[in-house]
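Below is a short report on one protein model. It takes up single residues, a sheet and a pair of helices in turn.

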Amino acid sequence: MIILNNITKEYGDKTVLDCVNLSIYDYERVGIIGNNGEGKTSLLNIITQTEQPDCGDVMIDGSMAYLKQSSQIDLQEILDEISKKDIANSFSQNLKKLGVCEDISLLSERLQKISPGEKTKIALAFCLAKNPNILVLDEPTNHLDQKGKNLLIKMLDEFLGTVVFVSHDKDFLNQVAQKIVELKDAKLTEYWGNYDEYVNQKQNTQLAIKRNYEKHKKEIVDINRQIDNYKRALEKSDKKTHSGAKRRTCNTTTQDERAKSLSKFASSRMTKLKQELNKDVEKPEKEVKIRYQLQKDDIKTKFFYVAEHLSKSYGNRALFKNANFTIKNGDKIALMGDNGVGKTTLINILLGKESYDGILRMAPSVKPVLMKQDIYDLDEELTINEMSMQKDKAYRTGFITNLCSMNLDKSRFDTKIKNLSSGEKMRIKLCEIVLSDFNFLILDEPTNHLDILNKDYMKKVLQGFEGTLLVVSHDKSFVREITNNTLLIENETIKQIN
């Protein structure tokens, strides 16, 4: 059981948790959602007691294991811990269930070459090996292929304990979560059910709030009209009382009594109306409009790439053999396959960065641009403003404008990049891509660090993009709505599926 009581957490002048309360009971599956930078990881850190709140109480009943984001996982520390505890067998069994069939000594030998997806699996196997009552996961599906996600979901189904996790993956939230907790504006709101049920409940709630707010706005118009009427009545009664006082000094007339009675009634009614006018009525959420546009050149070439008998091997290991496929101008292609089958290698071949056997013809007018899944090649010591100052005025204007359009708060522009969230860093990378000169856009896991809001808007932008697109992503809902055909790498072949 987890109980948070009146928890507040601030960083400088930013409050990420404002006197929040949350109860999570045994065996619940709770998905925590919210936009990048809202404080979801801070909430997990407080739940796991790796970070202390500024005020409030945290009560935990049961042992706990915490799977951090891939970039924060220290594999050497994990392997050292396994050597100290009697959990090596359980760890190895969990690794096999997750598709990593290696012993600990082999993992140690290739520690620096382990992929982000493997790193997540190793850390998860370690967490489960500790046999906790409560499992806390921070974006566990990042870097996992569909096979890895399915194995993770199966292991969570078999886990006899409480699961609390942060995720921006709608499909994963739908399959695992029994309750959704939304963090927004430093407050927590609970919704029973999975992500789709959360969306329905929130839409209904927001519709009711909007109707009530619109009704209140009409009432305000009517209240102001009534107040104006009573003000005129008061002015009229004051004039009558004043004129009566001039004619008589005693024996108040019935007319004076009526004027005083009207004045008293009008004053009382105005007070009540003003109270109604100042009533705090919840406003509906504003729809955040994020606008960033992808530029392309208009070119007449029909075929961007034609591959004939394309093959690639590393030593005795063949990634693919005798592959035949085409990429046409305007195609929207999903590049699919499990981790390690050669998707990144194929991208590098298309970019001219990798050797190959066979034939690959590329139109001379093609200008590809790649957005990598690695967002950590930014200069961490610079601020956003300092980054923009390294470019010319036109670039600087577009860079800042696009970041603001992607809902990045201007107050963050003087914060060093190393102190920004993963989602904020990804938006910076997106802006760099937006302002580059290209006509063939290649996206390698573009949604890994995007919140659902930015992910949905990016999807809408790509749906309207008239250029040619190649997307590597394990986010099924994202891919199926922006692509119209597939290149699938499996069993040492590349299949083109239209």
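The model is a predicted one. Gln49 sits in the loop that joins helix 1 to strand 4 (55-60). Its phi is near 60°, which is a positive value in a residue other than glycine. Asn322 also has a positive phi without being glycine, with a value near 50°. Asn322 belongs to strand 11 (residues 317-328).

Six strands form an open sheet in the order 5-6-7-3-8-9, and their pairing is mixed. Strand 5 (64-67) and strand 9 (187-192) are at the edges; each has a single partner strand, so one side of each is left without a neighbour in the sheet. From one strand to the next, the twist averages 15°.

Within this order, strand 3 (residues 29-33) pairs with strand 8 (residues 179-184) in the parallel sense, over four bridges. Which residue in strand 8 is the bridge partner of Val30? The partner is Lys179.

Helix 1 (residues 40-47) lies across strand 3, strand 5, strand 6 (134-138), strand 7 (162-166), strand 8 and strand 9. Relative to strand 6, helix 1 runs at about 155°.

## Helix 3 against helix 5

Two packed helices are described by the angle between their axes and the distance between the axes. For helix 3 (residues 88-97) and helix 5 (residues 116-129), the axes come within 8 Å and cross at roughly 135°. Are these helices parallel or oblique to each other? Angles over 145 degrees would count as roughly antiparallel, and 65 to 115 as roughly perpendicular; helix 3 and helix 5 are therefore oblique. Their crossing is right-handed.

Which residues meet where these helices touch? From helix 3 come Ser90, Phe91, Asn94 and Leu95, and from helix 5 come Lys121, Ile122, Ala125, Phe126, Leu128 and Ala129. Sorted by class, the contact of helix 3 with helix 5 has seven nonpolar, two polar and one charged residues.

Key: Residues numbered from 1 in each chain as written. Predicted model: local features only at pLDDT ≥ 70, side-chain atom pairs only at ≥ 80, totals over all residues. Heavy atoms only, no water. Pairing = 2+ DSSP bridges. Helix = DSSP H or I, 4+ residues; strand = E, 2+ residues; numbered from the N terminus. Axes fitted to C-alpha atoms, helices over the stretch in contact; angles between N-to-C directions. Contact = heavy atoms within 4.5 Å. Parallel < 35°, antiparallel > 145°, perpendicular 65-115°, else oblique. Left-handed = near helix turned anticlockwise from the far one by under 90°. Nonpolar A, V, L, I, M, F, W, Y, C, P; charged D, E, K, R; others polar.
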